[in-house]
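Here is a short report for a reader new to this structure. Look at the sequence and the model first, then read on.

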Amino acid sequence: MDYYSDECISYFFENQSQLFDEPVAENIKEAREFLEDCMAVVVDSIDEVREYLEDAGMDVSGLSDEELEEESEVFAIPDGTYLIVEG
């Protein structure tokens, strides 16, 4: 699902330094536009995160679920979904 909930956008906006050294968005509107422009993906489970990253060519076979959640491009949204942003 590629729908960005308000919670998802807010979480990315507040935590964008997890992936980027400098802000890529100065406000919520810019955060939404950035996510749309880079085609960030929202998935429902850590298993879907693993599958997405494997399909993208990343070797995640040796990573635990916790380590996968700590990857800089993976944002664990408080609602239980995951946002994947390729920087």
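## Cysteine 8 and its contacts

Cysteine 8 is in contact with Val42, Ile77 and Leu83, leaving aside neighbours within four places in sequence. The model that shows this is a predicted one. Cysteine 8 lies in helix 1. Its relative accessible area is 2%. Buried means under 20%, so cysteine 8 counts as buried.

Take the pair of cysteine 8 and isoleucine 77. In sequence, 69 residues separate them. In space, their C-alpha atoms are 6.1 Å apart.

## The two sides of helix 1

Helix 1 covers residues 6-15. Which of its residues are buried? They are Cys8, Ile9 and Phe12. Seen down the helix axis, these buried residues fall within an arc of 95°, so they line one face of helix 1. Asp6 and Glu14 sit on the other side of helix 1, and they are exposed.

What do the buried residues of helix 1 pack against? Their partners are helix 2 (28-37), strand 1 (41-43), strand 2 (74-76) and strand 3 (82-84).

## Helix 1 against helix 2

Two packed helices are described by the angle between their axes and the distance between the axes. For helix 1 and helix 2, the angle is about 100° and the axes are 9 Å apart. The two helices are therefore roughly perpendicular to each other.

Helix 1 brings Asp6, Ile9, Ser10, Phe12 and Phe13 to this contact. Helix 2 meets them with Ile28, Ala31, Arg32, Phe34 and Leu35. By type, the residues of the contact divide into seven nonpolar, one polar and two charged.

Glutamine 16 is placed in the loop between helix 1 and helix 2. Is this residue, glutamine 16, buried or exposed? Glutamine 16 is buried, with a relative accessible area of 7%. Its contacts are Pro23, Val24 and Ala25, leaving aside neighbours within four places in sequence.

In soluble globular proteins, nonpolar side chains tend to be buried together. Here the largest nonpolar core has 15 residues. Those with the most contacts inside this core are Tyr4, Phe12, Leu35, Leu83 and Val85. Helix 1 and helix 2 each supply at least two residues of the core.

Leucine 35 touches Tyr4, Ile9, Phe12, Ala40, Leu83 and Val85, not counting residues up to four places away in sequence. There is also a second, separate core of ten residues. Among them are Val43, Ile46, Val60 and Leu68.

## Helix 3 and what covers it

Helix 3 spans residues 46-55. Ile46, Val49, Arg50 and Leu53 are buried in this helix. Why do the buried residues of helix 3 line one face? Seen down the axis of helix 3, they fall within an arc of 100°, so they share one face of the helix. The face turned away from that buried side carries Asp47 and Asp55, which are exposed.

The buried residues of helix 3 have a cover that includes strand 1, helix 4 (65-69), strand 2 and strand 3. After helix 3 comes glycine 57. The phi of glycine 57 is positive, near 95°.

Definitions and conventions: Residues numbered from 1 in each chain as written. Predicted model: local features only at pLDDT ≥ 70, side-chain atom pairs only at ≥ 80, totals over all residues. Heavy atoms only, no water. Buried < 20%, exposed > 50% of the residue type's maximum accessible area, 1.4 Å probe, protein only. Helix = DSSP H or I, 4+ residues; strand = E, 2+ residues; numbered from the N terminus. Arc of directions from axis to C-beta. Contact = heavy atoms within 4.5 Å. Axes fitted to C-alpha atoms, helices over the stretch in contact; angles between N-to-C directions. Parallel < 35°, antiparallel > 145°, perpendicular 65-115°, else oblique. Nonpolar A, V, L, I, M, F, W, Y, C, P; charged D, E, K, R; others polar. Core = buried A, V, L, I, M, F, W, Y, C linked by side-chain atoms within 4.5 Å.
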